[in-house]
Amino acid sequence: MSNTNNTSESQGSQQSSQNSQGSHKAQKSQKSQDSQDSRESRRPRPMEVLREARAQLADLTGMTAETVSSFEQTEEGWSLEVEVLELERVPDTMSLMASYQVELDSEGQLMGYRRVRRYERGRADSRGGR
């Protein structure tokens, strides 16, 4: 009879152990889901946006995005002005540069771009402040 008692006691402890393991797995799964949700819903950091915007613009235009001269967060996402090397010349001061206005959504994905000005690299800006 003592074997019967030990068996029923061990079965009971196994069941409670399995219940606690199941509960622990459910908690882990919920934490993992919460973590994934927070990653998906968070806005990208500014440096992530800058790097991604330059890369996306370069991929689309085939031109080198040299610098970001303007950057701001908007209600819809992000707005940047990116300086691009359009035509390389020798000497370098004669290369043609352009400023592109780039619009990104809140996740940092490029929504559109347009060239707003074109100039020689070595020329001073005549438009005052731009």
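**Close-up views of a predicted model**

**View 1. The surroundings of E120.** Leaving out residues up to four places away in sequence, E120 touches R89, T93, M94, S95 and L96, where contact means heavy atoms within 4.5 Å. This is a predicted model, in which local features need pLDDT of at least 70 and side-chain atom pairs count only at pLDDT 80 or more, while totals for chains, interfaces and linings use all residues. Residues are numbered from 1 along each chain as its sequence is written, and side-chain values use heavy atoms, with hydrogens and water left out. E120 belongs to strand β4 (residues 110-120); strands (E, at least two residues) and helices (H or I, at least four) are DSSP runs, numbered from the N terminus. With a relative accessible area of 17%, E120 is buried, a term that means under 20%, whereas exposed means over 50% and partly exposed lies in between (1.4 Å probe, protein chains only). The side chains of E120 and R123 make a polar contact at 2.8 Å, that is, a pair of N or O atoms within 3.5 Å, of which, within protein, one must be able to donate a hydrogen and the other to accept it, and residues adjacent in sequence count only if both atoms are side-chain atoms.

**View 2. Strand β3 and its partners.** Strand β3 (residues 96-105) is largely enclosed by the rest of the structure, because 8 of its 10 residues are buried. Strand β2 (residues 77-87) pairs with β3 in the antiparallel sense over 10 bridges, and 9 bridges join β3 to β4, which also run antiparallel; two strands pair if DSSP finds at least two bridges between them. W78 has L104 in β3 as its bridge partner, and V102 has Y113 in β4.

**View 3. Two aromatic pairs.** The structure holds 2 aromatic pairs, meaning rings of Phe, Tyr and Trp (its six-membered ring) whose centres lie within 6.5 Å, with planes under 30 degrees apart counted as stacked, over 60 as edge-to-face and the rest as tilted. F71 and W78 form a stacked pair, 5.2 Å centre to centre with 15° between the planes; F71 is partly exposed at 30% relative accessible area, whereas W78 is buried at 3%. Y100 and Y113 form a tilted pair, 5.9 Å centre to centre with 55° between the planes. Y100 lies in strand β3 and Y113 in strand β4, so this pair ties together parts that are 13 residues apart in sequence.
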